[in-house]
Structures are given as C-alpha cells and as structure tokens.
Amino acid sequence: MEPVSAAVSAVLPAGGSGERLGGATPKQFCGLQGRPLVSYAVRAMERVSWISDIIVVVSPENIETMKSIIEKYGHKRVTVVKGGITRHRSIFNGLKVFAENQSSNRLLQKPEVVIIHDAVRPFVEEDILLKVVTAAKDHGAAGAIRPLVSTVIASGEDGCLDHSLERARYRASEMPQAFLFDIIYQAYQQCTDHDLDYGTECLHLALKYCKTNAKLVEGTADLWKVTYKRDLYAAESIIKDNLSQQICIITDLKEAVAQVGFLLHESLKSQVKVEAISISLSKNDSHLQNIFSGECYNFLCINDKEYATEEIQQLVDMLEKSNIPLLYPVVLILVHLSISENISFSIGLEELTKIKKFAREVKKKNILVYGLLIQCKVFLLP
C-alpha cells in the first residue's frame, strides 16, 4: 500500500478507568491471549510504515505500566504521555507533545496530519487509516462511521418517550479519526472547560471552533470498541481465529522446491491467507521480516537438504529478533523433500536426535517444530 505524502503521527488515548467493564484492571490493560489490549492497538499503528510517531496517553498511575508494556513487547516509535481527568484533556495532552515539544525522551516532529484512535479498538487496519488520513488532508478532518444498529430515542422529563430519530439519517461515529494537526490543535486551544470535561467527539470540536466540516468515511465492522467484559471474550475469539487463518510458505530458490511451494499455495489459498516466498534463510530478507512483524504464527519451511536443522535455527533466530510476541504458539513445519531416483530414504539417527533436541528446546519459547519427510521419485524418460 502506497504511503501518504505527508508527515503522519497518531495519538492513542488510553487513560480510561474501565468502569463499564468492571474489575480492578482498566480495560486497556486487560490481557487477550496473555497480551494487554493496548499493545494490540499500538501494534496496529506500528505496522503502518508511514506513521512516524505514536503517542499513548495514560493516567499518571499507569505510566510505568505502559512503559513496561512497551519494553516487554518491543514496541517502537512510542512515547508515553500523562493523561488528564477526561478523554478530551488526555487527547489535548497528547497533541501538546508535538506542539510544545514536551517529550523528555526525544525530539518529536510536528506532523501535518494526526490520527486519533482509541487504545481499546485493537483491530484497525491500514486501509481505513489511509482513507481517513487522505480525507483529512483534503477536508481538514475526517472520521470513520458505521450504520446505527439500534434506533435512538429521547425520553421526556416524565420518563416516557418524547421522540425518536430516523435511523437512516444518522450514523455512529467511530475511530480512527484524522485531522490536519493545526486545525485540531487550534480547536483544543479554544475549548471551554465544559467541552474538555463533558465532550467526547473530536470531529465536533473541529467544526465548532475551526468551522471544519469533517469528511465521513464508511468504516469496517471490526472498528468496534471493547467496552464490556463480553467484548474482551469476542476480541480474544477474533485474535485466535486470525492466528489460524494465515500461513507463510518458505522455500529455497531451487526450482523443484519452489514448485512444491507454489502448488501448496494454490491448494491452500481458498481456505486461509497464504504468503509464499522463495528465499535464502542465510540472508536477512526484508519481505520475511515484514511477515514476522505482521504477526504470522504458522510457517511451512520446504527444502531438499539432508540436514536442515541449521536452516530452521536461522528461522527461529529471525523470529526472535523480530520482537514478535511469542505469547501464542508459533508453529514451524519443516518439510524435507527427498528427490531422487531411489525410492528408499532414511535419516541418520544422529540428525534425528539433533532435531528432537532442538524441538524440545524451542518448545520452551512457545515455538512448536514439526518435521515431515516426503519421498519424491524422479522418473527418467527414455
């Protein structure tokens, strides 16, 4: 996907107390498959190469918690900022880091466009981010929307129905939203205390104080916000499903091996998301690194070498250096092709013992290694 021709950064408000979720832990720090929810949102931004800086705004008592999450999961380009007592005050604090250079860690460049996205919306994709950023460049502000699911009604002072809204005319405001930085920062500078304390809609601030009519962009169904405990269960289910729905097939550069990889790709692509690449594992391949950063957890490594332990070790080393969070099992299936005229094939006991030992060691790191031996007989034409 082509990057935008503008400096873009993101602000993620993560200072909520999670009252509606219940429990002592704020929802942004609740674990999904052992990893905090906020980490998924940060990772979603990190995967977009054209986002320069990511500001995570948290309550003062959670600053050290957030810093430890960044360190543990190897997040990059992230700055932690102290939040305010309300959502708008927290977002304003995040914007001030760029305008007033309040970051004590490093110099942050003021972006042309800033994305605002909730830290408890973990499934945002690059496509919708690109759409709102592009629209914000053209219109000054933009935000994702979704159709209303339920009809909105208003009650009178007596608790009885006063009127209802025509659902077809209205939309639910979602995240992400994007703004020309100068517009949204100017809007926050002019905000009243009432806006900062009781308001929730950033697009409204841009309209009220800067006369900027936001472009509304139709969002996808996965932009929902984790609010209640049941949402955590739903999010965890989506994550598990996503992990099982993608696989990377890795072959070396030999024609016969690459052909097997191609045939596997063709047979699997209707069932799961498949990446197939032919590389030399001895080289630091950028395409493979991108797949790692995209959090693929299933790998099929095909070769025709008699001793492949060294290659699988290289793959494990690359996985660990990529900072992929090994909280879910990473499955490596090593497929050895024996292509010869002889039908017999055997693997030495010493090599088999070495592979078994290696598999036991990496299993401690949550990496599961499996081996598959395939005999391919070559028929020579007369």
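User: What is the relative accessible area of F123?
Analyst: The model is predicted: local features need pLDDT of at least 70 and side-chain atom pairs count only at pLDDT 80 or more, whereas totals for chains, interfaces and linings use all residues. Residues are numbered from 1 along each chain as its sequence is written, and side-chain values use heavy atoms, with hydrogens and water left out. Buried means under 20% relative accessible area, exposed over 50% and partly exposed in between (1.4 Å probe, protein chains only). F123 is classed as buried because its relative accessible area is 12%.

User: How are the rings of F92 and Y188 arranged?
Analyst: The structure holds 5 aromatic pairs. Rings of Phe, Tyr and Trp (its six-membered ring) pair if their centres lie within 6.5 Å; planes under 30 degrees apart count as stacked, over 60 as edge-to-face and the rest as tilted. The centres of F92 and Y188 are 5.6 Å apart and their planes stand at 20°, so the pair is stacked.

User: How far apart in sequence are the parts that F92 and Y188 tie together?
Analyst: F92 belongs to helix α3 (residues 87-99) and Y188 to helix α5 (residues 181-190); helices (H or I, at least four residues) and strands (E, at least two) are DSSP runs, numbered from the N terminus. Both F92 and Y188 are buried. The number of residues separating these parts in sequence is 96.

User: Which class of ring pair do F123 and W224 form?
Analyst: The centres of the F123 and W224 rings are 5.9 Å apart, with the planes at 50°. This pair links distant parts of the chain, 101 residues apart: F123 in the loop between β6 (113-116) and α4 (126-139), and W224 in the loop between β11 (215-218) and α8 (229-244). W224 has a relative accessible area of 24% and is therefore partly exposed. The angle of 50° makes the pair tilted.

User: Which residue lies over the face of F92?
Analyst: F92 is linked by ring pairs into a cluster with F98, F181, Y185 and Y188. A charge sits over a ring if NZ of Lys or CZ of Arg is within 6 Å of the ring centre and within 35 degrees of the ring normal. At 4.4 Å from the ring centre of F92, the residue over its face is K96.

User: Which are the edge strands of the 7-stranded open sheet?
Analyst: Two strands pair if DSSP finds at least two bridges between them. The sheet runs in the order β5-β4-β1-β6-β10-β7-β11 with mixed pairing. The strands that pair on one side only are β5 (78-82) and β11.

User: Which residue of β4 is the bridge partner of A10?
Analyst: Strand β1 runs parallel to β4, and 5 bridges join them. Strand β1 is largely enclosed by the rest of the structure, because 6 of its 6 residues are buried. V8, A10 and L12 point one way from β1, while S9, V11 and P13 point the other way. The partner of A10 in β4 is I54.

User: Which residue of β10 is the bridge partner of V113?
Analyst: Strand β6 pairs with β1 in the parallel sense over 4 bridges, and V113 in β6 is the bridge partner of V8. Strand β6 also pairs with β10 (residues 171-180), here in the antiparallel sense over 4 bridges. The partner of V113 in β10 is L180.

User: What distance separates the C-alpha atoms of N93 and V57?
Analyst: N93 lies in helix α3 and is buried, with a relative accessible area of 19%. Not counting residues up to four places away in sequence, N93 touches V81, K82, G83 and G84, contact meaning heavy atoms within 4.5 Å. N93 and V57 are 36 residues apart along the chain, and their C-alpha atoms are separated by 7.6 Å.

User: What is the N to O distance in the salt bridge of R121 and E174?
Analyst: A salt bridge is a side-chain nitrogen of Lys or Arg within 4 Å of a carboxyl oxygen of Asp or Glu, and the whole structure has 9 of them. Both R121 and E174 are buried. Their side chains meet with an N to O distance of 2.7 Å.

User: Which residue forms a salt bridge with K208?
Analyst: K208 is partly exposed, with a relative accessible area of 38%. With the closest N and O atoms 3.2 Å apart, the partner of K208 is D195.
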